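Subject: Model handover

Hello,

Here is the structure for your set-up. My notes follow below it.

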Amino acid sequence: MTGLDGLTAHAEAAYAPLSATFELTGRCNLDCGHCYLDIAHPPPELTTAEALSVVDQLADAGTLFLTITGGEIFLRKDLLQIARHARRRGMALRLFTNATRITRALAAEIARLRPMAVEVSLYGTHAAAHDFVTQRPRSLRRTLRGILYLRRAGVNVALKAPLLGVVADEVEALGRLAKRLGTPLKLDPFVKPRLDGNQAPLAMRAGTAELAAAMRHPAVGLPKELPPPPSADEAPCVVGRRTVKVAATGEVFPCGQWPTAIGNLRHTPFATLWAGGPLLDQLRSITWASMEGGCQGCGQQGYCARCLAVALVEDGAMLQPSAESCRIAEAREIAAGVREARSLVRLRVI
């Protein structure tokens with residue numbers, strides 16, 4: 001095993017936080033209905049000095065890929081200072097933004113950072129869909145303007161769209177727009193509860209049939225044959241192994257969706273927190289063999305992208321079946337045309 005795969009496997013075995021998300025702010029100028037943050041009540045933020053220290057501690061721990069996200073990151077006046085520091089520490093950067101605050105001058109500054117990509121969320125190609133999600137008039141126009149500024153400055157831009165109910169019918173149009181802009185398109189089927197447990201975002205989920213239809217788009221990249229189930233000793237996800245999230249408050253989470261922190265960098269160094277503890281040790285011990293209930297021997301495992309955190313928050317047990325993961329796996333099977341084949345195999349086995 002060589003290259004990135006080898007590096008990833010080594011990081012997971014060593015519990016090195018190869019990929020980190022730094023949630024720099026909880027503030028946002030949009031109010032997207034599916035957002036997992038409570039934008040109306042943003043938390044107190046780290047100072048510039050504290051944020052720079054976070055970057056240093058992550059770099060020292062082995063982080064190579066840093067995603068800076070929010071809220072809206074460009075509401076922080078020190079964003080570029082923090083991003084430049086991350087680049088000086090040798091990190092590859094991704095910036096998540098709604099692009100509404102991007103100007104020509106700012107796009108030129110971002111280009112000088114040479115980020116891997118600036119990822120911009122888009123919820124449709126017309127205002128009726130996009131502005132409905134953001135709950136802000138003319139937000140689509142401002143987002144598209146920001147994307148154009150970035151592209152003209154030579155920045156790698158990626159469009160991403162959660163497969164909300166209002167977005168599912170827009171997938172083909174979004175694909176055509178991405179092609180015209182010269183950007184890749186990423187489609188995410190997961191719509192998750194808010195970090196505080198609020199279930200409001202779930203009302204925006206697409207139905208299973210809508211998901212399956214949207215997943216047929218090439219941007220999803222579904223395999224055309226039923227993938228084999230994972231081995232029993234594989235981990236169902238990378239939580240607490242090679243990924244970590246640092247929140248705007250300095251709290252450290254074993255992944256972007258986990259509801260409880262393992263500590264706060266304002267009080268404890270990252271190296272100490274990441275060395276282990278009751279929660280991290282438990283999460284790092286979980287394999288597919290640890291799964292309970294219907295997860296054991298489930299024929300959908302090849303298409304399952306179950307999230308321990310979502311299972312915990314939505315269904316109350318991280319090792320039990322996650323209803324949403326099962327539904328998305330079903331949609332993937334339908335989209336790939338293998339659901340019937342899997343059913344026939346199961347019948348022959350019975």
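**Second largest pocket**

The second largest pocket holds about 320 Å³ of space. A pocket here is an open set of points on a 1 Å grid over the protein atoms alone, where a 1.4 Å probe fits, with protein on both sides within 12 Å along at least five of seven lines. Points are joined across faces, edges and corners, and the volume is the space filled by probe spheres set on them.

This is a predicted model: local features need pLDDT of at least 70, side-chain atom pairs count only at pLDDT 80 or more, and totals for chains, interfaces and linings use all residues. Residues are numbered from 1 along each chain as its sequence is written, and side-chain values use heavy atoms, without hydrogens and water.

The pocket has 19 lining residues (an atom within 4 Å of a point). Nearest its centre lie Glu-23, Leu-37, Asp-38, Pro-43 and Leu-195. The lining splits into nine nonpolar, five polar and five charged residues; Pro counts as nonpolar, Gly as polar.

**Strands**

Strand 1 (residues 19–23) pairs in parallel with strand 2 (residues 65–69) over five bridges. Pairing takes at least two DSSP bridges; strands are DSSP E runs of at least two residues, helices H or I runs of at least four. Thr-21 has Thr-67 as its bridge partner in strand 2. Strand 1 also runs parallel to strand 7 (residues 243–246), joined by four bridges. There, Ser-19 is partnered by Thr-243.

**Confidence**

Mean pLDDT (predictor's confidence per residue, 0 to 100) is 89 for the chain, and 96% of residues reach 70 or more.

Regards
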